[in-house]
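Here are some notes for a colleague who is opening this structure for the first time. Please read them with the sequence and the 3D view side by side.

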Amino acid sequence: MELYLIRHGQSTNNAGLPHVADPPLSDLGRQQAHYVGKALQREGISHLYCSPMLRALQTAEIIGGILSLAPHVYTGLHEWDGIWEESVGRFGVTLPGLTRSEMKEVCPNVVLPQDVTDEGWLFDQWENVELMLQRADQNATNFVAHLEATHAETDERIAAISHGAFLSTLIGTFFGIPPNDDSDRFEHQNAAISKIRRATRGMQLRYLNRISHLAPRDMITK
């Protein structure tokens, strides 16, 4: 199994526009996603996972279109802090996120799990940073276990679209590194790609935060 980990393209929040709880891609972010799809076009990707958050789903819709793949939402790929209203504080109120019908509007061929409901998908409240990090660690552990159960004994090439902080946690989980609160331990810029290979000698990090597919240089953002 080879796994390509992709951070979503630039969101409107990343671009410095007024904060919204579940931001869409900016125009530049959509261009970045297109460049990712083109970069992966000859890699033989057979399965595409994505976070349920809007910017990741939009990124997946663009990449999936280029690769002729239907994105599969895996809710545990969401960002550390989920979806929150800035006006009531970082951990004041967690919003439920996109509903099944709203996800289908964004990406008509998306494959949805049962935990995406008609009311949304995120119903946990973050009471403090410690609990948030524990949940992120558990989500990463669960996704690794899912990959091991579903794809590990194959030669498949899998892609997963997620978020900067969560991808850092996920890479640490693959290599047995204890989690911490450093969201940039394994940095990912917008639309960056990292590659992990499961070999007979164990996991190999083939490259991290690759952005060479983003050209010219003004396409590179954080």
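In which sense, left-handed or right-handed, does α4 pass α5?

1. The model is predicted, so local features need pLDDT of at least 70 and side-chain atom pairs count only at pLDDT 80 or more, while totals for chains, interfaces and linings use all residues. Residues are numbered from 1 along each chain as its sequence is written, and side-chain values use heavy atoms, with hydrogens and water left out.

2. The crossing of α4 past α5 is right-handed, a term used if the near helix is turned clockwise from the far one by less than a right angle.

3. The contact (heavy atoms within 4.5 Å) involves residues of α4 including Ala 136, Phe 143 and Leu 147, and residues of α5 including Phe 166, Leu 170 and Phe 174. The residues of this contact divide into eight nonpolar, four polar and one charged.

4. An open sheet of six strands runs in the order β3-β2-β4-β1-β5-β6 with mixed pairing, where two strands pair if DSSP finds at least two bridges between them. Its edge strands are β3 (72-73) and β6 (202-210).

5. Within the sheet, β1 (residues 2-7) and β4 (residues 157-162) pair in the parallel sense over six bridges, and Ile 6 has Ile 161 of β4 as its bridge partner. Helix α5 packs on the sheet, touching β1, β4, β5 and β6, and its direction makes about 155° with that of β1.

Notes
Helices (H or I, at least four residues) and strands (E, at least two) are DSSP runs, numbered from the N terminus. Ala, Val, Leu, Ile, Met, Phe, Trp, Tyr, Cys and Pro count as nonpolar, Asp, Glu, Lys and Arg as charged, and the others, Gly among them, as polar. Axes are lines fitted to C-alpha atoms, for helices over the stretch in contact, and angles run from 0 to 180 degrees between N-to-C directions.
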